[in-house]
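Morning, everyone. Please have a look at the sequence and the model on the screen.

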Amino acid sequence: AHSVCVECKRHGTVCAMVAQGLACLGPVTQAGCGALCPAYHRGCYGCFGPMESPNTESLSAGWTRLGVTQPDLVRAFRGFNAYAEAFRKASEAHEG
């Protein structure tokens, strides 16, 4: 039970958020995809849903520092697993 970030490290994939300043759901998403999106220089879309104890507040704060707008933050959490409790609550917390 770990995040997509662990898969990035295992595959030697450079962090999309740190190196490219991209919004990435990897830190709060359950691993299992092999870090496919970051391997292609894209942020994780959260396909495998939230990990067991995702810290969405911290991730949202980091995204805000990167310049991600509130509407874009809401849109990211409302992707593939929008109704997963952790992602739903995160998106609702940032609705304007």
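A term to begin with: a charge sits over a ring if NZ of Lys or CZ of Arg is within 6 Å of the ring centre and within 35 degrees of the ring normal. Here is a case. The charged end of R88 sits over the ring of Y83, 5.1 Å from the ring's centre.

Now the ground rules. This is a predicted model, where local features need pLDDT of at least 70, side-chain atom pairs count only at pLDDT 80 or more, and totals for chains, interfaces and linings use all residues. Residues are numbered from 1 along each chain as its sequence is written, and side-chain values use heavy atoms, with hydrogens and water left out.

Next, helix 1. Helices are DSSP runs of H or I with at least four residues, numbered from the N terminus. Buried means under 20% relative accessible area, exposed over 50%, and partly exposed in between, with a 1.4 Å probe and protein chains only. Which residues of helix 1 are buried? In helix 1, residues 4-11, they are V4, E7 and C8. These cover an arc of only 105 degrees around the axis, so they lie on the same side of helix 1. That arc is taken from the directions from the helix axis to the C-beta atoms. In general, an α-helix has 3.6 residues a turn, so residues three or four places apart point the same way. The buried residues of helix 1 pack against helix 3. On the other side, K9 and R10 are exposed. After helix 1 comes G12, with a positive phi near 75 degrees.

On to the aromatics. Rings of Phe, Tyr and Trp (its six-membered ring) pair if their centres lie within 6.5 Å; planes under 30 degrees apart are stacked, over 60 edge-to-face, the rest tilted. That rule gives 3 aromatic pairs. Y45 and F80 have ring centres 6.4 Å apart and planes at 85 degrees, so this pair is edge-to-face. Y45 is in the loop between helix 3 and helix 4, and F80 in the loop between helix 5 (70-77) and helix 6 (85-93), so the pair ties together parts 35 residues apart in sequence. Y45 is partly exposed at 35%. F80 is exposed at 59%. W63, F77 and F87 form one aromatic cluster.

Last stop, F48. F48 sits in the loop between helix 3 (36-39) and helix 4 (56-66). Is F48 buried or partly exposed? At 47% relative accessibility, F48 is partly exposed. Contact means heavy atoms within 4.5 Å. Leaving aside neighbours within four places in sequence, F48 contacts T29, Q30, A31, G32, C33 and N81. F48 and G32 are 16 residues apart in sequence, yet 7.0 Å apart in space, C-alpha to C-alpha.

Technical notes:
Helix = DSSP H or I, 4+ residues; strand = E, 2+ residues; numbered from the N terminus.
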